[in-house]
Amino acid sequence: MVAATVGLRGLSLCTLSLPILRSAKIKLPIHSFPTSRSLKPLFSPYNPTILRGFPSFCASPDVNVEATATAPPATEAENSQSADDIKNAANLLDIRVGRIIKAWRHEEAYSLYVEEVDVGEPEPRIICSGLVKYMPLDLLQDAKVVVLANLKPRNMRGVKSCGMLMAASDASHETVELLIPPDGTIPGERIWFGTEDDKDSQPEPATPNQVQKKKIWESVQPHLKTDASCTAMLGEYLMRTSAGVVVCKSLKNANIS
């Protein structure tokens, strides 16, 4: 029995035998194949004519088989560049120290708190957070927090939310803790990643439209975690303020969002 990979009306049949083809009275698209060759090389699953002409259920049609098999491993320089790209993207986020002036339950959404947050602007921001399940309301009152400030505003059940409180969570997302800036920080101070010297090299933050269009937050968020000492990190870069690093209360090696 000879195995074949044959394209029929845009489909590929893997390990299809010639007897089955004959019994089904299926005519092969012989115009696609050289007629001067024998059947053995023609129906080989590695025949280049077949591989080029028809996608297969056995492999993604977008995969370059030859390139995949011979692709060299990523070099240290490429990995380093990737880390630099992530840090550069993170530098476009407007992450600030905030202070919750007051907080209350959302009247239309049982899982949401509404917070009035000082982020160093003339007027406090209104921010909605899905924290009801994870912490009591009194824990938010007058709390120092970390705010992602250049997201586009969202209407959350009739309340316009202008930012996001950043928090750490365990793998099961059963425990959530707000990130905590160190004592001595002032609401509105911009937070950065890296060394103390990196503060002065921060670019201007992206606009909310740019953050959404370029998916900046989506590219950075998977790389935000706490380390074994509960310090907030972007890869190997510390999350910093002028008064020290940002932490959470107790979650180690946790995701940050």
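How many bridges pair β3 and β4, and in which sense? The two strands pair in the antiparallel sense over six bridges. A pair of strands here needs at least two bridges found by DSSP.

## What you're looking at

This is a predicted model, where local features need pLDDT of at least 70, side-chain atom pairs count only at pLDDT 80 or more, and totals for chains, interfaces and linings use all residues. Residues are numbered from 1 along each chain as its sequence is written, and side-chain values use heavy atoms, with hydrogens and water left out.

The protein comes to seven helices and 17 strands. Those are DSSP runs numbered from the N terminus: H or I over at least four residues for helices, E over at least two for strands. Of the 257 residues, 37% are buried, where buried means under 20% relative accessible area, exposed means over 50%, and partly exposed lies in between (1.4 Å probe, protein chains only).

The protein exposes about 15500 Å², with carbon and sulfur atoms supplying 54% of that. Accessible areas come from the Shrake-Rupley method with a 1.4 Å probe, and for residues only the protein chains shown count as cover. As for contacts (heavy atoms within 4.5 Å), take those between residues at least 6 apart in sequence: 61% of them join residues at least 24 apart.

## The five-stranded sheet

Back to the strands. β3 and β4 belong to an open sheet of five strands, ordered β5-β4-β3-β6-β9 with antiparallel pairing. β5 and β9 (164-165) stand at the edges with a single partner strand each, so one side of each has no neighbour in the sheet. In general, strands of a sheet pair through backbone hydrogen bonds, either parallel or antiparallel.

You can walk across part of this sheet by bridge partners. I100 has V117 of β4 as its bridge partner. β3 also pairs with β6, antiparallel over five bridges, and there R96 is partnered by V147 of β6. V147 in turn has L165 of β9 as a bridge partner, and two bridges join the antiparallel β6 and β9.

## V114, tucked into β4

V114 lies in strand β4 (residues 113-118) and is buried, with a relative accessible area of 1%. Leaving out residues up to four places away in sequence, V114 touches K102, A103, W104, H106, I126, I127, C128 and V159. For I127, 13 residues along the chain from V114, the C-alpha separation is 5.8 Å.

## Salt bridges

How many salt bridges does a search of the whole structure find? It turns up five, using a side-chain nitrogen of Lys or Arg within 4 Å of a carboxyl oxygen of Asp or Glu as the test. One of them joins the side chains of D198 and K87, at 3.9 Å from N to O. That pair links distant parts of the chain, 111 residues apart: D198 sits in the loop between β12 (192-193) and α6 (208-213), K87 in helix α5 (residues 76-90). K87 counts as buried, at 12% relative accessibility.

R99 and D142 also meet through their side chains, at 2.5 Å from N to O. These two are 43 residues apart, with R99 in strand β3 (residues 95-105) and D142 in the loop between β5 (125-129) and β6 (144-148). R99 is partly exposed, with a relative accessible area of 27%.
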